[in-house]
Every structure is written in C-alpha cells, then in structure tokens.
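Let's walk through this protein together, one meeting point at a time. Keep the picture open beside you as you read.

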Amino acid sequence: AAIAKNAEATAKQYSDIDFKPVEPTNDINQQISAVESLIAAKVDALVILPNDGQQLNQVALQATEAGIPVVNLDRIFPDKLAYRTWIGGDNYGMGVAAGHFIGKQLKDKGVSNPVIVEIQGIATLPLTQERSKGFEDALKTYGFSVTAKQDAQFTVETGNEVATSLLQAHKKIDAMWNHDDDQGVGVLAAIKEAGRDEFIMVGGAGSLNAMREIQSGTSVLKATVTYSPTMASSAIKLARLIAQGKGMSDLVENQVPQSITLASETITKDNVENYLALGFES
C-alpha cells in the first residue's frame with residue numbers, strides 16, 4: 001500500500017508526468033495482462049514491481065524490445081535485458097544492520113552466550129534468506145549466533161503465533177530480530193501479553209508504529225532497520241529522467257545508473273525524528 005501511495009504522490013509533483021497506475025494484484029496473469037496493455041498503449045516508461053521477477057521476466061523483455069524503458073522495482077528480473085534500471089532495498093544489509101545493533105548492545109552489556117531469536121518473513125524467499133545470512137554474518141563478528149529462528153509469513157496473526165511459541169520455548173531471551181514491522185504488530189502484542197521485557201528487539205522495514213514504539217522509550221523495540229517504500233518515489237523520478245533522456249544532476253555520467261541499491265539504515269531513539277516522515281502505517 002505504501003509503495004503505491006508513494007509512487008502516486010511523487011508523480012503528482014510533476015506536471016510533465018501522465019501517471020497510469022494499474023490495479024494492484026498478486027495474480028501473475030493479471031500482472032502480465034496489465035503490462036501488455038501498457039505496452040500496447042505505447043507508454044514512455046514503465047515502473048514494475050513484480051510479484052515474482054522470474055514469472056514477469058518475459059513480459060518485461062517484451063516492453064524493452066518495444067523500446068519502452070523498464071524501471072524494475074524491488075523484486076528483480078533475472079534477465080538484465082528485461083530492465084533499464086533496477087532500484088530496491090538491501091536485504092543482506094538489513095540483516096547486517098540488525099546484527100550489528102544487537103551485537104554491539106550485548107557486547108556493551110557484557111553478555112556472553114546470549115539467547116538470540118529471529119523471526120523471519122517467508123523462509124523460502126531469497127530475500128528472507130539474504131536477510132538471515134546478513135544477520136548471521138554480522139553476529140559472527142561478535143562471537144554470537146542465532147539460538148532459534150522461525151518464519152512468520154509476513155502477517156500480524158502469524159507473527160503473534162510465532163512470537164508466542166518462541167517466548168514459551170525460551171524462558172530468558174537476550175535479543176530478538178523480527179524481519180518485518182507489519183508482522184511485528186503481532187509480535188509486539190504477544191510480548192506484551194506474556195509480560196516479557198528482559199530482552200531488546202529490532203524490527204525491519206521502518207513502519208510508523210514501530211517508530212512510535214522506539215520513540216516511547218518504554219518498549220522492548222529499540223531499533224528498526226529500513227527497507228523503505230520510498231524506493232517507489234525514487235523509481236518514478238528515475239523513470240521520468242530516463243524517458244526524458246536525462247541523467248542524475250549530482251552524478252558526472254550523462255545517464256541514470258543501471259542499478260541502485262538503497263542502504264538499510266538503523267532507526268533508534270536518537271534519530272527516529274528524522275525518519276517519521278518516511279514511515280508507513282502497518
């Protein structure tokens with residue numbers, strides 16, 4: 001929802017953009033049909049966030065072959081010929097940022113052999129595996145490792161169930177990383193229901209409700225690492241520049257770069273006020 005909202009709001013900033021959004025859907029065939037209709041309409045640029053990059057790769061290639069530059073947002077097409085520019089978040093970097101925050105906090109407290117639990121999104125997705133790998137690699141630099149991890153499917157309900165299960169299984173926890181602030185609503189509810197507050201928690205993505213929890217200073221949630229839907233706003237700006245044959249004003253090159261990976265930033269009580277305007281409602 002935040003992706004769609006940000007894209008539309010950015011397009012409205014420019015009188016020279018005729019914005020043509022399609023109905024959001026997770027149905028692959030409907031996504032393909034929507035792209036085909038935009039190719040037929042001979043649009044000047046396409047911004048596509050595919051539900052599955054592999055399955056929409058062919059239609060993105062068709063757009064490129066028709067002379068329409070494609071800005072590939074977030075979930076990447078496997079064929080580089082299918083897009084002009086890719087922009088997205090850093091999943092591995094999210095894990096690294098979460099791991100360093102937790103590692104440093106525990107080291108500073110002098111904790112040895114900590115119990116660290118991890119609540120993933122959908123375990124089979126490459127993005128989830130990248131997040132977990134980054135987390136594992138960062139923790140390793142402090143001599144720590146993940147004690148237990150479980151996936152929560154990116155939903156509030158499952159987040160609640162998984163957190164409840166992990167809290168029951170571990171009578172003492174030192175740190176928790178939850179990959180996604182949306183499912184984190186359920187995770188936090190389970191923590192409050194259990195009356196547990198002996199550990200620190202880090203979230204993921206950068207939702208407004210997570211930021212408010214951090215800002216309060218009374219929650220176990222001490223930080224969240226960003227995977228921001230602002231990438232949709234930037235994708236619209238990039239598509240406009242590409243369609244107009246322009247580059248990026250602060251770069252030396254004449255054209256927009258082929259790939260842009262956004263850094264995963266760590267939001268804490270110290271800097272949360274700088275991020276409130278970028279947060280999204282869970």
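In this predicted model, the side chains of lysine 12 and glutamate 8 join in a salt bridge, with 3.9 Å from N to O. How exposed are the two partners? Lysine 12 has a relative accessibility of 67%, so this residue counts as exposed. Glutamate 8 is partly exposed, because its relative accessible area of 36% falls between the limits of 20% and 50%.

Aspartate 16 pairs with arginine 240, and their closest N and O atoms are 3.1 Å apart. Where do these two residues sit? Aspartate 16 is partly exposed, with 43% relative accessible area, whereas arginine 240, at 19%, counts as buried.

Now find helix α5, residues 126-140. Here the side chains of lysine 133 and aspartate 137 form a salt bridge of 2.9 Å, N to O. The two residues are 4 apart in the helix, which means that about one helical turn separates them. Lysine 133 is partly exposed at 41% relative accessible area, but aspartate 137, at 18%, counts as buried.

Next, look at how helices meet. Helix α1 (residues 2-11) and helix α9 (residues 230-243) have axes that come within 7 Å and cross at roughly 35°. Their crossing is right-handed. On the α1 side, the residues in contact are Ile3, Asn6, Ala7, Thr10 and Ala11, and they meet Thr230, Met231, Ala232, Ser233, Ile236 and Lys237 of α9. Sorted by class, this contact holds 6 nonpolar, 4 polar and 1 charged residues.

A second pair to find is helix α6 (residues 156-169) with helix α7 (residues 181-194): the axes come within 7 Å and cross at roughly 40°. Which word describes α6 relative to α7? With that angle, α6 is oblique to α7. The crossing of α6 and α7 is right-handed. From α6, the contact includes Val156, Gly159 and Leu167, and from α7 it includes Asp182, Val185 and Ile191. By class, the contact between α6 and α7 has 9 nonpolar, 5 polar and 1 charged residues.

Key
Residues numbered from 1 in each chain as written. Predicted model: local features only at pLDDT ≥ 70, side-chain atom pairs only at ≥ 80, totals over all residues. Heavy atoms only, no water. Axes fitted to C-alpha atoms, helices over the stretch in contact; angles between N-to-C directions. Left-handed = near helix turned anticlockwise from the far one by under 90°. Contact = heavy atoms within 4.5 Å. Nonpolar A, V, L, I, M, F, W, Y, C, P; charged D, E, K, R; others polar. Parallel < 35°, antiparallel > 145°, perpendicular 65-115°, else oblique. Salt bridge = Lys/Arg side-chain N within 4 Å of Asp/Glu carboxyl O. Buried < 20%, exposed > 50% of the residue type's maximum accessible area, 1.4 Å probe, protein only.
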